[in-house]
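The questions below go through one structure step by step. Each answer ends on the value or name asked for.

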Amino acid sequence: MNLVTPDFGLLFWMVVIFGLVFFLLAKFGFPIITSSVEKRSAKIAQSLKDADELQARMAAWKVEQARMLDDVRKEQAQILREATETKARIVADAKAQAREEADKILAEAKTQIAAEKESALRDVRKEIALLSVQVAEKILRQELSDEGNQRSFIDNLVDEAGKASLHA
Amino acid sequence: MILALLISLLLTADPSPSVQDDREVTVQENPVILSDSEESESINVAEIIFEHIGDEYGWHITQWKGKDVEIPLPVIVKSSTGWQVFSSARLHHGAHYRGLYIDPEKGKIIDEATGKRPLDLSITKNVLALMMSTLLLLAVILLTARWYRKHDALEEAPAGLAAAVEPLVMMVNDMARENIGERDYRKYAPYLCMAFLWILLNNFLGILPFFPGGANLTGNIAITLVLALCTFFTVNLSGTRHYYKEIFNPDVPVFLKPIMPVIEVFSALMKPVSLTIRLFANMLAGHIMILSMVCIIFIMAKYGPLMSGGMTVVSVLFGVFLDALECLVAFIQAYVFTMLSSIYIGLARVREE
């Protein structure tokens, strides 16, 4: 039957045309397309792998970052605590020193006051003694202006002196 | 299954001339009903179908006002008088030219002197369709390759033609890698791509009912035979030692030793035959079914408006369904041919573990 007997002319042309075009496409067509696309697929696969790796590294970084932040916070707290302590100590020291200084000044002032008082008292006594001697001299002079009084006075003195030597 | 389908279709196609003969008789019996012009338009279904699925020397496009609209094609024949090259219009309607004529039954050129077929390398309808579709494929693939040459595929997504062709090419490429193996699939991928895209393109062009398409290339046994032989030679010329050992000296009990090579050689020879018949029969059957559906409309025109109107609706619906089915089959057959080819090549590339 016509349909199932291959026609030689068509067979011939099919071999020629198909062969020729196959040769051309196998050389300049398909390998270029497939190699480009395969390169791209490889690149996409590589990029995906890289992205995965990066993500993993990012996660690690995040953990690291959190840890570092925690450390920094702890350190900050410690520094603050230490600063507070130092402040307290410095204030306390300053207070103590100030009190000491004040005490010293006070003590010095006291001794000075005492010395002043002493010297003032001594002056006053000296003055008083002088005054009393002058007063006694004036009184004595007035009383010894007459002879009788002078005798009795000398007698008294002698008595007194005699009593004093007896007692001694 | 496919063979059964083909046979059933051929059987259904065969009775149609007798049916048509009966009708012609009725036409002659009722000259009152049918006028002269209608008689000349009466339909020979088998002729129409075989004209569409067969080959011809000129490309008959349509009939316009009772005249054939036809693209004349060059006839190239080596007859008893030597090489002859002339337009197919010279042989139109059984005309004799330079001792040659077209046998009205077979539709082939016959040498008057010998009464046999001369060496016939004419550019027939199928050869022209073959040239056009193959050039189209060449252009499409080279343009796509040009895109990849001019653009950095690593940076840009494919656009236009490249975007359309790339998935098909890569589908076949991946199929080749899967079936042949990572090691040497690269050597065979271009052939598989070529076979797949060529068959796919021609399957679709065959469904197309008007000029650039319409030729029944992949439903022609010469074409599918060449394709299957390409696969056959690719397989058997690239067979490994292990492959040939499996054929001629397989590890079987001694009493099987003389039988196995016979079976294996037969099986190797049947592979291209099955490839040929599968593609050919599927495409041919599809064309015949669609053409039959279209012919029903014209056959039924004789049976009154109600009948013809009803059957027209039915056959248009069936025609649409069959066309959709054919689009599916066009892809599936191209895929099946390529996949089987790649599997056969993969089997021939076996290595001893």
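Q: Which residue of chain B forms a salt bridge with Asp7(A)?
A: Side chains of opposite charge can pair when their charged atoms come close. The rule for a salt bridge asks for a side-chain nitrogen of Lys or Arg within 4 Å of a carboxyl oxygen of Asp or Glu. In this predicted model, the closest N and O atoms of the pair are 3.1 Å apart, and the partner of Asp7(A) is Arg117(B).

Q: Why does the pair of Asp7(A) and Arg117(B) join two chains?
A: Helices (H or I, at least four residues) and strands (E, at least two) are DSSP runs, numbered from the N terminus. Arg117(B) lies in the loop between β6 (109-111) and β7 (119-120) of chain B, and Asp7(A) is in the segment before α1 of chain A, so the pair joins two chains.

Q: How are residues and chains labelled, and what pLDDT do local features need?
A: Residues are numbered from 1 along each chain as its sequence is written, chains are lettered from A and ligands numbered from 1 in the order in which they are written, and side-chain values use heavy atoms, with hydrogens and water left out. The model is predicted, totals for chains, interfaces and linings use all residues, side-chain atom pairs count only at pLDDT 80 or more, and local features need pLDDT of at least 70.

Q: How many salt bridges are there between chain A and chain B?
A: Over all chains the count comes to 15 salt bridges. One between the two chains joins the side chains of Arg186(B) and Glu38(A), at 2.6 Å from N to O. Between chain A and chain B the count is 6.

Q: What area do chain A and chain B bury between them?
A: Contact means heavy atoms within 4.5 Å, and it takes 35 residues from chain A and 55 residues from chain B. Buried area is the accessible area (1.4 Å probe) that two parts lose on being put together, summed over both. Carbon and sulfur atoms carry 81% of the area here, and the total is about 3900 Å².

Q: Which three residues of chain A lose the most area to chain B?
A: Together they make up 18% of what the chain A side buries, and they are Leu3(A), Leu10(A) and Phe18(A).
That side touching chain B has 24 nonpolar, 6 polar and 5 charged residues. Here Ala, Val, Leu, Ile, Met, Phe, Trp, Tyr, Cys and Pro count as nonpolar, Asp, Glu, Lys and Arg as charged, and the others, Gly among them, as polar.

Q: What radius of gyration does chain A have?
A: Chain A has 3 helices and 0 strands, and its C-alpha atoms fill a box of roughly 205 × 30 × 20 Å along the principal axes. The radius of gyration is taken over C-alpha atoms, and the globule rule is 2.2 Å times the number of residues to the power 0.38. A compact globule of 168 residues would be near 15 Å, but chain A has 66 Å.

Q: How far apart do the C-alpha centres of domain 1 and domain 2 of chain B lie?
A: Domain bounds come from an automatic or database domain assignment, which divides chain B into domain 1 (71-123) and domain 2 (125-348). The contact takes 4 residues from domain 1 of chain B and 5 residues from domain 2 of chain B. The C-alpha centres of the two domains lie apart by 32 Å.

Q: How many salt bridges does the rule find across the interface of domain 1 of chain B and domain 2 of chain B?
A: The two domains bury about 360 Å² between them, 89% of it on carbon and sulfur atoms. Ile71(B), Leu73(B) and Ile123(B) supply 92% of the area that domain 1 of chain B buries against domain 2 of chain B. The number of salt bridges across this interface is 0.
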